[in-house]
Amino acid sequence: MQEKQKELFDQYDMELLHVRRGRGGLICETPKGSYDLQMCQYSPKRLEQAFQIKEALIDSGFQNVDQYERNKEGELLVYDRYQTSYIMKRHFDGRECDIRNNQDIRKAAEYLAILHRCLKQLPIEGYAVKKTQFHQKNRELLRTKQYIAKKNEKKEFEKLFQRYFSLFWNEIRNQKNEVEYIPAICHGSYHQHHVILLPNKDAAVIQFENFYVGNQLDDLFYLMRKVLEKNRYDFSYAEIILNAYQKEKKLEDSDFRYLYYLLAYPEKYWKLANQYMNHRKSFLSPKLTEKLMEEVALQEKKKYFLSQFQLNYLQNYIY
């Protein structure tokens, strides 16, 4: 073990049996089990709150979460000689969810519903609140459009963004800014990389650091969007997710309406606009242009997907 690694591990009251490299850090084998030692940029307060949520989940029976290990001083963060902060988390030996595998997707959706049921029982006081506000994103899109319009010399991405603005804006006009719901704790970044499928057919959920109090359907949408984008808006994947989720947690008509609004919104287009505005304009990565063209190419498939979603889940809703 390198001196720096030993310096970090010695801050914990644990016996180290073996260490190996893992994704994003070191995997430490101990008599207590396996742990991930990773760099961490979150505040101690944020981590303490995440610790409390995970502890409550474990107590409720949802035990496969990457709970933190405290150091000898009872703190969650440890520091190296350069004052870089690290955290020790429980490690799960398994594989990430494959979003092109029906069984994997089904498992991820089922576990999300179970997670939501458990999180729904927890108190929400003292945690950050987040609302999905379409009007704020709309203002950002309009600001990007106006900024580009004023430029005399336009790069390829800027020309394309301007050319296809109306195509994406058409999906925005009927968005509702406010949706009634009972606030609860959300995972905050529930996608394939944060669902670990274990050899015993069980699953673990990791990376709770982006949790917030809000509408839990945001988590379900986030998983759906990731799966649908990778599978070119094949409606069958939405059915797999929604059917699996509803085995554990029933969705109401209003839930399907909210999901429709989220799925219809040009989220990827907005994200590209956001990346553009927050990066150096003198050099735009060709990847930005490539992603925009991919999104444009998907619009016909997405439009057909949304019509199928309406037909199957919104029969009682008049637009």
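In the predicted model described here, three bridges join strand S8 (residues 195-197) to S9, and the two strands run antiparallel; strands (E, at least two residues) and helices (H or I, at least four residues) are DSSP runs numbered from the N terminus. Within this pairing, leucine 197 has alanine 203 of S9 as its bridge partner. An open sheet is formed by three strands in the order S6-S8-S9, with antiparallel pairing, where two strands pair if DSSP finds at least two bridges between them. Strand S6 (95-96) and strand S9 (203-205) stand at the edges with a single partner strand each, so that one side of each is left without a neighbour in the sheet. Residues are numbered from 1 along each chain as its sequence is written. Because the model is predicted, local features need pLDDT of at least 70 and side-chain atom pairs count only at pLDDT 80 or more, while totals for chains, interfaces and linings use all residues, and side-chain values use heavy atoms, with hydrogens and water left out.

The axes of helix H3 (residues 102-120) and helix H7 (residues 217-230) come within 10 Å and cross at roughly 170°, the axes being lines fitted to C-alpha atoms over the stretch in contact and the angles running from 0 to 180 degrees between N-to-C directions. H3 and H7 are therefore roughly antiparallel to each other, a term for angles over 145 degrees. The contact (heavy atoms within 4.5 Å) involves Ile105, Ala108, Ala109, Leu112 and His116 of H3 together with Asp219, Leu220, Leu223 and Val227 of H7.

Glutamine 207, although not a glycine, has a positive phi of about 60°, and its place is in the loop between S9 and strand S10 (212-214).

Technical notes
Parallel < 35°, antiparallel > 145°, perpendicular 65-115°, else oblique.
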